[in-house]
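The following exercises are intended for a reader who meets this structure for the first time.

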Amino acid sequence: MKLSKRPYWWAVTYFILLFAFTVYVLLDTFVIERKYKPATDSDTGEKMSDNYVLNEDGFADDNITISISQTRYCETDIYIADITLSDISYLKTAMASDTYGKNVKDYTSVIARQKNAILAINGDYYGARNEGYVVRQGQLFRSLAGDYAQQDLVIYSDGTAEIINECEVSAEELTENGARHVFSFGPGLIDNGEITVGEYQEVDRAKSSNPRTAIGYYSPLHFVFLTADGRTDESAGLSLYQLAQFMKDELGTVLAYNLDGGGSSTFVFDGKVINKPTSDGDSIRERSVSDIVYIGY
């Protein structure tokens, strides 16, 4: 009796289709570039005056004061920028290729130099996700909320900041209320001076000790940018809870928020990469990202 080969061919066909679909999903998520709309940084045309001080310890002029420092905590190198502004317009963001899109990427240092940034860190890598609010310079790019636990950092036009949950307020409401920037990575680390992240809580798929990037808030127009190295013999990296502890106990921030980390974590000052970004610990080099947060004119 001759056995039918049809079930065998069905299995082969199913495997081929599944493999092709998996490859497409991976390419769509990480490789295929899709440009949706141009992004502007709302440049007011104001230029930095000649009356400023710039050295390895920071920058100061009539509108911007930045103090740069480096320290060790939990066997990790941490780079800190304490920032005071005269107006929130000097806290800016920029997207790779000045374009909102998916897999539109460049190095933090490249985007920073293109914008003549005094100081820059990587942003929330919005382009790696299809959900989560994206507001930049008051312009709403994405209003599709993430899951019930998605926390965002909102920086308002008056220089204040808060952490919100996307299930409780729409992106349209935030922009109507004066949101200048909304970042959707997370989670929140500190709120009202209290740590809000659990001791064993972690970002999806992240290691417990990781390079980190975060923004802290003290009072209107007073912020801190932070990057922690990790994944190397010299610098172990921090857990989310350790990062929150440092920002509460050592920096005294009232509010703190976790941005994209790992190989994305990059700290650029005066056009130079100050920290040691790495994805695998074997090589020190930047990973391209969707966007940056920077201080400049």
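The model shown here is a predicted one.

**Exercise 1. Strand E11 and its partners**

Task: Determine how many residues of strand E11 are buried, and which strands pair with E11.

Solution. 
Step 1. Strand E11 spans residues 151-156, and five of its six residues are buried. The strand is thus described as mostly covered.
Step 2. Strand E12 (residues 161-165) pairs with E11 in the antiparallel sense, over five bridges. Within this pairing, Leu 153 stands opposite Ile 163 in E12.
Step 3. Strand E13 (residues 179-183) also pairs with E11 in the antiparallel sense, here over four bridges. In E13, His 181 stands opposite Ile 155.
Step 4. The hairpin of E11 and E12 has four residues between the strands, and Gly 159 takes a positive phi near 90° there.

**Exercise 2. The nine-stranded sheet**

Task: State the order of the strands in the open sheet of nine strands, and identify its edge strands.

Solution. 
Step 1. Read across the sheet, the order is E2-E3-E4-E5-E17-E16-E18-E14-E15, and the pairing is antiparallel.
Step 2. An edge strand pairs on one side only, and this applies to strand E2 (53-55) and strand E15 (194-195).
Step 3. Helix H4 (residues 240-250) packs on the sheet. Among the strands that H4 touches are strand E4 (64-73), strand E5 (76-85) and strand E16 (212-219). The direction of H4 makes about 30° with that of strand E14 (188-191).
Step 4. Val 53 has Ala 60 in E3 as its bridge partner.

**Exercise 3. The buried side of helix H4**

Task: Which residues of H4 are buried, and where around the axis do they lie?

Solution. 
Step 1. The buried residues of H4 are Leu 240, Leu 243, Ala 244, Phe 246 and Met 247.
Step 2. These residues cover an arc of only 160° around the axis, so they lie on the same side of H4.
Step 3. Just after H4, Gly 252 takes a positive phi of about 70°.

**Exercise 4. The surroundings of Ser 235**

Task: Decide whether Ser 235 is buried or exposed, and find which backbone atoms its side chain reaches.

Solution. 
Step 1. Ser 235 is found in the loop between E17 and H4.
Step 2. The relative accessibility of Ser 235 is 1%. A residue counts as buried under 20%, and Ser 235 is therefore buried.
Step 3. The side chain of Ser 235 reaches the backbone nitrogen of Asp 77 at 3.0 Å. It also reaches the backbone oxygen of Asp 229 at 3.0 Å.
Step 4. Apart from its neighbours within four places in sequence, Ser 235 is in contact with Arg 72, Glu 75, Thr 76, Asp 77, Asp 229 and Gly 230.

**Exercise 5. Salt bridges**

Solution. 
Step 1. Asp 98 lies in the loop between strand E6 (91-95) and strand E7 (99-102), and Lys 115 in the loop between helix H2 (108-114) and strand E8 (119-122), so the pair ties together parts 17 residues apart in sequence. Asp 98 is partly exposed at 35%, whereas Lys 115 is buried at 15%.
Step 2. Arg 136 belongs to strand E9 (residues 134-136), while Asp 124 is in the loop between E8 and E9, twelve residues apart. Arg 136 is buried, with a relative accessible area of 2%, and Asp 124 is buried, with 0%.
Step 3. Asp 270 is partly exposed at 37%, and Lys 272 is partly exposed at 46%.
Step 4. Salt bridges that share partners join Asp 124, Arg 136 and Asp 291 into one network.

Methods. Residues are numbered from 1 along each chain as its sequence is written. This is a predicted model: local features need pLDDT of at least 70, side-chain atom pairs count only at pLDDT 80 or more; totals for chains, interfaces and linings use all residues. Side-chain values use heavy atoms; hydrogens and water are left out. Two strands pair if DSSP finds at least two bridges between them. Helices (H or I, at least four residues) and strands (E, at least two) are DSSP runs, numbered from the N terminus. Contact means heavy atoms within 4.5 Å. Axes are lines fitted to C-alpha atoms, for helices over the stretch in contact, and angles run from 0 to 180 degrees between N-to-C directions. Buried means under 20% relative accessible area, exposed over 50%, partly exposed in between (1.4 Å probe, protein chains only). A polar contact is a pair of N or O atoms within 3.5 Å; within protein, one must be able to donate a hydrogen and the other to accept it, and residues adjacent in sequence count only if both atoms are side-chain atoms. The arc is that of the directions from the helix axis to the C-beta atoms. A salt bridge is a side-chain nitrogen of Lys or Arg within 4 Å of a carboxyl oxygen of Asp or Glu.
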